[in-house]
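Please look over the sequence and the structure shown here, and then follow the explanation below, which goes through the chains one after the other and ends with the place where they meet.

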Amino acid sequence: MKSRTAFLAAAMLVANACGSDEPAAPDSITVFAAASLTESFIQIAADFEDQHGTKVRLSFGPSDGLATQIQEGAPADVFASASPKWMDAVAEDPGVTDRADFARNVLVVITPADNPAGLDSAEDLGRPGIKLVLAAEGVPVGDYAREFLGNAGIADDALANVVSNEDDVKGVVQKVALGEADAGIVYRTDVTAAVAGDVAVVEIPDDINVIAVYPIAALERSPGGSLAPEFVTYVLGPGQTVLREAGFLPP
Amino acid sequence: MRRRLPAVVVAFAALGAAFVLLPVAGLLARAPWERTGELLTSDVAIEGARVSLIVSLGAAALSLLVGVPLGLLLGRASFPGLTVLRALALLPLVLPPVVAGIGLLTAFGRRGLLGGPARALGLELPFTTAGAAIAAAFVSFPFIVLAVESGLRSLDTRLEDAAASLGASKWYVLRKVTLPLLAPQIAAGAVLAWARALGEFGATITFAGNFRGETQTMPLAVFEALQSDPGAATVLSLVLVVLSLAVLIALRGRFVGVGS
């Protein structure tokens, strides 16, 4: 978390250092992507680098935090958000082009592998004494999780069980994988190979689940020239295979 | 008598002062003053200030409880491994706080080394205010250790010897002679420890999580606000700036004496 703060500070510094009189080298682009896209975008960026011979710099975080950084002048060329809300904010200021939805995602409940609280279904999250960890309000997955709890009719009980509001979805995964929390609500795609052994998944029925829509766009002020729209096109094209393998649904 | 400094030193000193002033000026320039009243009386600010106060004072108390004895031990005792122990005692000053947080989880977390025994006693630290205070104490108690140890070095030991020669017990000498002589250093160390605890972020969010009214201290509230409402973050930041400045001014540079 501290490194995220440090990053934010660094991003601001870089933003100020690379003023308009000193455009970034056109052979590299910077992609700001929602934390839930971490593994997929590392792969997609590597493939893109191989094909285009350009360097792709990646920065992951909560979509709301990334949107704020971009509005504060962070030198992003492409923004991939876990929610239309924060893409709308960036579209308004400082402006985007080539916007398109590129993936969808659903929520799951995760518990530590040994499921210490004995959760059988998503509705059990309202049971007294469960230690539930969510992403903070404003973070897309945090908002989606609260929407799902409302759909399930257990919002009041479940929210009373919340012991921590994490900064982004990866924070939720960590707290559960470390065994400190009994349950967390994350995207299905966050149950990656790296944590699959540490967590167990409790599926959420489709009728009460929430579908997250992921938009991507190039920043209007992108100093990367045509590279930014090319990266967007790449995510919408060849990148889809990677996203599908990670468990994302088609847009 | 004041000696004049070379101009180049003054110039770089001005740079140094500007280095500190500019970010504060930036906060002042950016703060949404028309929303200040509303933001300062918001739940986030009030709960954040309350939790910060409890956590930082609790951390300072915990730090005193273990930091003073450890400082005395390091300053007075002589045994193999002293150098290693001294380095260990200062480790939290150097470690990235997030590492401290992970360390605390592996020690006091549910699955940590002491997690089982602690739970048996009904003590659960992660996600509790007590846990946040432990995290803050962990990173701040070295300030007290340092202050006590350096205070001992400049202490006139003849006073202690005199008390002992008059028949005072070890405990009596410590209480009536040593600790009163060290009081200024201990106080300065405690204030620094408190200030460090007030600013704690990484170990807290890693070990204790982030929950308003429970573990969300002001720095955590600032960080959360920054993600979606930077204006609110600047106002909350200014609260911390004012509070910290007030403490430092009240202390009037006394801590400069520590370590000299």
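**Reading the two chains**

In this model, which is predicted, chain B is built with twelve helices and zero strands, and along its sequence the elements follow the pattern α-α-α-α-α-α-α-α-α-α-α-α. Taken along the principal axes, the C-alpha atoms of chain B fill a box of roughly 65 × 65 × 30 Å. Of the 260 residues in chain B, 38% are buried, and of its contacts with a separation of 6 or more, 78% are between residues 24 or more positions apart.

One pair of helices in chain B can be followed in detail. Two packed helices are described by the angle between their axes and the distance between the axes. For helix α9 (residues 170–199) and helix α12 (residues 230–251) of chain B, the angle is about 170° and the axes are 11 Å apart. Angles over 145 degrees count as roughly antiparallel, and α9(B) and α12(B) are therefore roughly antiparallel to each other. On the side of α9(B), the contact is made by B:Ala188, B:Val191, B:Ala195 and B:Leu198, while α12(B) brings B:Ser244, B:Val247 and B:Leu251.

Is B:Ala250 buried or exposed? It has 9 C-beta neighbours inside 10 Å, and a residue with 12 or fewer is exposed, so B:Ala250 counts as exposed. From B:Ala250 to B:Val235 there are 15 residues in sequence and 23 Å in space, C-alpha to C-alpha.

A further residue of chain B deserves a look for its backbone. Most residues other than glycine have a negative phi, and most peptide bonds are trans. B:Phe127, although not a glycine, has a positive phi of about 70°, and its place is in the loop between α6 (115–120) and α7 (129–153) of chain B. Because 23 other C-beta atoms lie within 10 Å of its own, B:Phe127 is buried.

Chain A has another make-up, with ten helices and nine strands in its secondary structure. Buried residues account for 50% of the 251 residues in chain A, and among its contacts between residues at least 6 apart in sequence, 78% join residues at least 24 apart. Chain A is divided into domain 1, which takes in 2–104 + 213–246, and domain 2, which takes in 105–202. Where these two domains meet, the contact takes 16 residues from domain 1 of chain A and 13 residues from domain 2 of chain A. On the domain 1 side of this contact, α2 (38–52), α3 and β4 (96–112) of chain A each supply at least two residues, and the residues of that side divide into seven nonpolar, five polar and four charged.

The peptide bond from A:Asp93 to A:Pro94 is cis, with omega near 10°, and A:Pro94 has its place in the loop between α4 (84–92) and β4 of chain A. A:Asn115, a residue other than glycine, has a positive phi near 45° and is found in the loop between β4 and β5 (132–135) of chain A. A:Asn115 counts as partly exposed, because it has 15 C-beta neighbours inside 10 Å.

From that loop the reader can go on to the strands. β5(A) and β6(A) pair in the parallel sense over four bridges, and A:Leu134 stands opposite A:Asn165 in β6(A). β6(A) is mostly covered, since five of its five residues are buried.

Note on methods: Residues numbered from 1 in each chain as written. Chains lettered and ligands numbered in written order. Predicted model: local features only at pLDDT ≥ 70, side-chain atom pairs only at ≥ 80, totals over all residues. Buried ≥ 20, exposed ≤ 12 C-beta atoms within 10 Å, placed from the backbone. Contact = placed C-beta atoms within 7 Å. Axes fitted to C-alpha atoms, helices over the stretch in contact; angles between N-to-C directions. Parallel < 35°, antiparallel > 145°, perpendicular 65-115°, else oblique. Domains from an automatic or database assignment. Nonpolar A, V, L, I, M, F, W, Y, C, P; charged D, E, K, R; others polar. Pairing = 2+ DSSP bridges.
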